[in-house]
Amino acid sequence: MRYAVKLHNDRRGRFPVGFATLLGPVLDGAPPARDTIDAGTGMTEPLRAELWLENGLVGKAGADRIALIEAIAETSSIAAAARRVGLSYRAAWDAVQVLNNLFAEPLVLAASGGAKGGEAGVTAYGARVTASFRLMEAGLQRTLAGLQDQLVGTDELALPNLLWTLGMKTSARNALHGVVQTVTDGAVNAEVMLRIGGAAEIVAVVTRQSAHDLGLVPGAAAVALINAGSIILTAADEDLRTSARNRLKGVVIEIRAGAVNDEITLELDAGKTLTATITSESTNRLGLALGQPVVALIKASQVILAVV
């Protein structure tokens, strides 16, 4: 995870800024800045800042999601926390899944009983994340005073260099944070085993050059990107012989039915989730239901590895 700040005013929109760029000698306890000069117009307008935690690939955790985690800690319920922060249950549930998948450890653990059953609790790791976020927020307010000094009188051409950082987005439905366990070299390709939490592991096959360029060595952090349509589901009690390198055991915690395809979400080990898209006919044929154990089959060649 890295830190980023979204600066914006009413006229010019938002500019992402690397948090490390802002911090430094300006953390001096000065009061927050109240305005800044708008590039291109010279007008003084209120400057606002929002702190975000990002992994550089997919998913972000801002103040709204941190507030959700804090509400879960107080209510021990995702549904109650959603009502408290003004979210639908669906939005809150999806946010928890994204956060659990993208952080090194889950922030929230829900008791068995499906997406809407049982209690939910914030892990010790989740409590550390929320506490650190609030501490950085307080430092950010002091930082704004120093940032204002940098912006006032800044050349218009130089301002984008100060305020803009690049990011990446992906259409992959599943983004699972993990740690490289082993890298096995071949003549052309390398097999990389990534532990995504608990005993759950994902194997990807990438070129040797890609493994080198990404710095994929044991102990390195990486994100496994998997399209939902690339996942095959099968009943846990079926003894299938298949060429799929990955066999991930999970329990169905959500079924989102569609006109043609259904979205099936599984809970894996250590609070991680995996979402597959299959036809509605397949859902009926497999008799999928909440709480049912299933196995997700994923070819190693269908797993994309990325690093921050």
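Which residues of the largest nonpolar core touch the most other members?

**Entry 1, the largest core.** I worked throughout with a predicted model. I looked up the largest nonpolar core, which holds 33 residues. Those touching the most other members are Ile 202, Leu 216, Ile 231, Leu 233, Leu 274, Val 303 and Leu 305. I then noted which strands each supply at least two residues of this core; among them are strand 9 (174–185), strand 10 (189–197), strand 11 (200–207) and strand 14 (246–256). I recalled that nonpolar side chains tend to be buried together in soluble globular proteins.

I set aside its neighbours within four places in sequence and listed the contacts of Leu 305. They are Val 192, Leu 194, Ala 204, Leu 214, Leu 216, Val 223 and Ala 224.

I checked the length of helix 2, residues 63–75. Its 13 residues, at 1.5 Å a residue, should span 18 Å, and the end C-alpha atoms are 18 Å apart, so the two values agree. I recorded Ile 66, Leu 68, Ile 69, Ala 71 and Ile 72 as the buried residues of this helix. Just after helix 2, Ser 76 has a positive phi of about 60 degrees.

I read a mean pLDDT of 76 for the chain, with 68% of its residues at 70 or more. The pLDDT is below 50 over residues 8–47, a stretch with 92 contacts in the model beyond near neighbours in sequence. Residues 154–168 also have pLDDT below 50, and I noted 22 such contacts for this stretch.

How values were computed:
Residues are numbered from 1 along each chain as its sequence is written. This is a predicted model: local features need pLDDT of at least 70, side-chain atom pairs count only at pLDDT 80 or more; totals for chains, interfaces and linings use all residues. Side-chain values use heavy atoms; hydrogens and water are left out. pLDDT is the predictor's confidence in each residue, from 0 to 100. Contact means heavy atoms within 4.5 Å. Helices (H or I, at least four residues) and strands (E, at least two) are DSSP runs, numbered from the N terminus. The expected span of a helix is 1.5 Å times one less than its number of residues. Buried means under 20% relative accessible area, exposed over 50%, partly exposed in between (1.4 Å probe, protein chains only). A nonpolar core is a set of buried Ala, Val, Leu, Ile, Met, Phe, Trp, Tyr and Cys residues joined through side-chain atoms within 4.5 Å.
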